[in-house]
Amino acid sequence: KYGYIHLYDIESGTCIYMNRISGDTIFVTAPHEASNGIVGVNRKGQVLSVSIDEDNIVSYITNQLKNPELALKISVRCNLAGAEELFVRRFNMLFGQGQYSEAAKVAASAPKGILRTPQTIQRFQQCPSQPGQASPLLQYFSILLETSQLNKAESLELARPVLQQGRNQLLEKWLVEGKLECSEELGDLIKAHDSTLALSVYLRANIPQKVCQVFCN
């Protein structure tokens, strides 16, 4: 009404943006799939298109609205960039306080996988284990497995201790559930312990020469 557009976060009811885009009343609007926005027509017959700049909305909420908590929530919910510094800062704070499980949750939820790197795995590997608790590294992998598929580096580093413990059935379960990223390196790692399981990895990773080797052996 009166040519104003309002943008709200539905979950919290927070007004993110409000501005007048037309001097005349916009009497009809409709979704615009090409831009993920809307189109509207005002009383003068002007057709107006409005969409969200997904590359900048999170930084806008952080810097203009001064609402980093909302920026984090929207970044996670919509998998949007722009809050990388906030996630890294929160991850480092929790990690430094020894709250490894909470730090793992931050790493798992950070958009675009910005914290799911070999460096993060190495940091968890270097943490001391507490008596009666799973190691920080296994806590990290457990949280990732609850919500997503592991990437190549994560799959390899999880497979090593699992194979050392002789718990091949766990790897088989995760393979069936699509939780591991299959690669030639993962197949080679598993092959020394279980050639049948390695064959499943090679097939999923589409490594025909290694499939032939397993059958020949």
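Helices (H or I, at least four residues) and strands (E, at least two) are DSSP runs, numbered from the N terminus. This is a predicted model, in which local features need pLDDT of at least 70, side-chain atom pairs count only at pLDDT 80 or more, and totals for chains, interfaces and linings use all residues. Residues are numbered from 1 along each chain as its sequence is written, and side-chain values use heavy atoms, with hydrogens and water left out.

**Helix 10**
- Helix 10 spans residues 195-205, and Asn206, which follows it, has a positive phi near 60 degrees.
- At the start of helix 10, a side-chain oxygen of Asp194 comes to within 3.1 Å of the backbone nitrogen of Thr196.
- Leu197, Ala198, Leu199, Val201, Tyr202 and Ala205 of helix 10 are buried (under 20% relative accessible area, 1.4 Å probe, protein chains only).
- The cover over these buried residues includes helix 8 (168-176), helix 9 (184-191) and helix 11 (208-216).

**Strands 1 and 2**
- Strand 1 and strand 2 pair in the antiparallel sense over 5 bridges; pairing requires at least two bridges found by DSSP.
- Arg20 in strand 2 is the bridge partner of Tyr4.
- The hairpin of these strands has 6 residues between them, and Gly13 there takes a positive phi near 80 degrees.

Conventions
Buried < 20%, exposed > 50% of the residue type's maximum accessible area, 1.4 Å probe, protein only. Contact = heavy atoms within 4.5 Å. Polar contact = N/O pair within 3.5 Å; in protein donor to acceptor, adjacent residues only side chain to side chain.
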